[in-house]
Amino acid sequence: MAAETGTPTTLTLKSNDDELFSVAESAAILSVTIRNMVEDGCAGGVIPLDNVDGKTLASVITYMNGISAIPADEEKKKSYRDKFLSDKDFETLADMVLAANYLNMSCLMDAVSAKIAQVMEKKSVGWVRRKFGIENDYTPEEEAAVKEEHKWTFEGVETDDDN
Amino acid sequence: METTEEHSRRRHKRSNGEHYNAVSVDRLSDLPDSLLCHILSFLPTRFSVRTSILGQRWRHLWSYVTNLVFRNNSQDAINKVLYLHKHRNINTFSLTDGVGCNVNQIGTWITYAVARNVQNLDLYCCRYKIALPRCLFTCETLVDLKLDSCGVIPNGGAAGALFLPRLKKLHLIRLRYEAEESLPHLLSGCPMLEELTVCLFVSSYPRKISSPTIKRLAISLHLDDRHPALVYLKLFAFSIPYIKCGALTDLTEADIYIWDYIKNGDRFLYSRSVVEFIGGLHNVKCLRLELSHCTEVCIRSLFSSLYIALVMMVDLLYSAWRSISFRNLTELKLSSDCLFLLKFLEKADNLEILTLSQGGDAKWIQPKQVPTCLLSRLRAIKLVGVRGKEYEFAIMRYLLLNARVLERMEIIYPREKIEIMLKEISRFERGSKACKVAFISKGVRGSAKLS
């Protein structure tokens, strides 16, 4: 690892649509995937990230830089994450959860999953199916049976389907 | 979620064209079950069970979610979920019971969670008759335990030891204790404890146990240095006859709330016990203190006009602080009378950030010499809830004049006082040329004016 020389090392990350990004190694290794590449000595040139597009990667790098600049204070980190995700729409959140999963970044994964859950909670079945790309493969009889089985979870629910 | 109009709505959307990113959505449905479960684990259980309606793949997905969170759900619903739940381990079991589930039933659920290696257990029931099962207090997997208004903490003694080897966070809110030694026994069985919240509401206890309970509560506040791992302490205390504390040498952060509504008894001795207790926290780096009228009231009522007598009284009251120093303290949030402020300025040489909230009316006594922290460390001061009292102006004037490295003073106050404030404070002489004073009227964020 180049960190031995004491100077901050910069890594170059490449998105699947061929955008290049520079990021400090200290921030980038929040991703276990990248950290493993660095430790295996595969980070000399450009690190290709085949599952992340440029727009999402830019966002993830903003997060990496932001969160790694905060010292060990869980409360401040949490409020940074809340703020970071506050203006993201569902599609962006979906991209981020996939990227966090691929990059193996548990703190981002948890924050985005929680945010997706929070959005889902207030939505109708139809909205969730659309946004998750779920094909309804129940027969009407099956669907009615499932609904009957977990009747208590459908009682008194108001949904809000705005994006 | 409603299923009506589902199909027609979907057709409608499609014919209008996809305005969402179809690529990420398709990939989202390709996520492995474990990741979908991870997302579901952030939902209350009622909502995660409801996702079984989405499609075949989702039918049983919820039953592998390791967090179970019940918010005012019926007993039958909870039993059904636990019956159908398939994962061998439970990460989080959280129960808020506002519907009056059977107390024995709640005990059974706790046993179920412990048997499935629960790590975080959070109970709020507003019922004291719950028999917390013994296994809860010998659970080897528990990391975070929150008990609020439910049950009785058993005594460790003859009935067997209480041992929670992995417990890091313990929240005990409005609980009863089987014996005087229950809390000390429990704490001595938590070798990894890092965070402790104790909230004692004497007034909310049933009248029939008033006197012995107060005694137990007092004893439950004896914190000693047998807990070497303790680094964070949060304590709420209401109407406690006295507070005592041994040295907490590793304590780095503390939130202390003491409300004192004692009408009878020796106010001076009480106040001194509070002062001594806080002195015992002298190694902290970050301290939040909410002390409403703990010392000032007694002094004011005794010596309202005699300045010399007041100073003598203060010396006597703070005699326990003579030989100590809060040398690690860098951040202080204080809501108290002026005496505590004075003493902290004198004793915390490295204080950098100070937040003051309104205490009672009080007389501001200037330090004999300018405290070290004002000369070299204190860089940010926030005054919350400034009401325009004379002593508040005296404090602001003193701090602005003597804080030599101050960068920012924030003054937060009710809107109607805006004009008087601006005029008066802006004119105060400043010991630090770099110092900015920000005026923020309550409730209107970002409307700060700098001068």
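1. In helix 12 of chain B, the buried residues are B:Cys338, B:Leu339, B:Phe340, B:Leu341, B:Leu342, B:Lys343, B:Phe344, B:Leu345 and B:Lys347, where buried means that 20 or more other C-beta atoms, placed from the backbone, lie within 10 Å of a residue's own. Because nine of the 10 residues of this helix (residues 338-347) are buried, helix 12 of chain B is largely enclosed by the rest of the structure. Helices are DSSP runs (H or I, at least four residues), numbered from the N terminus.

2. This is a predicted model, in which local features need pLDDT of at least 70 and side-chain atom pairs count only at pLDDT 80 or more, while totals for chains, interfaces and linings use all residues. Residues are numbered from 1 along each chain as its sequence is written, and chains are lettered from A and ligands numbered from 1 in the order in which they are written.

3. In chain A, the axes of helix 5 (residues 90-103) and helix 6 (residues 106-121) come within 9 Å and cross at roughly 150°, the axes being lines fitted to C-alpha atoms over the stretch in contact, with angles from 0 to 180 degrees between N-to-C directions. That makes helix 5 of chain A roughly antiparallel to helix 6 of chain A, a term for angles over 145 degrees.

4. The axes of helix 3 (residues 54-68) of chain A and helix 5 of chain A come within 10 Å and cross at roughly 70°. That makes helix 3 of chain A roughly perpendicular to helix 5 of chain A, a term for angles of 65 to 115 degrees. Here A:Thr56, A:Ser59 and A:Val60 of helix 3 meet A:Asp95, A:Met96, A:Ala99 and A:Leu103 of helix 5, with contact defined by C-beta atoms, placed from the backbone, within 7 Å.

How values were computed. Helices (H or I, at least four residues) and strands (E, at least two) are DSSP runs, numbered from the N terminus. Angles under 35 degrees count as roughly parallel, over 145 as roughly antiparallel, 65 to 115 as roughly perpendicular and the rest as oblique. A residue is buried if 20 or more other C-beta atoms lie within 10 Å of its own, exposed if 12 or fewer, and partly exposed in between; C-beta atoms are placed from the backbone. Two residues are in contact if their C-beta atoms, placed from the backbone, lie within 7 Å.
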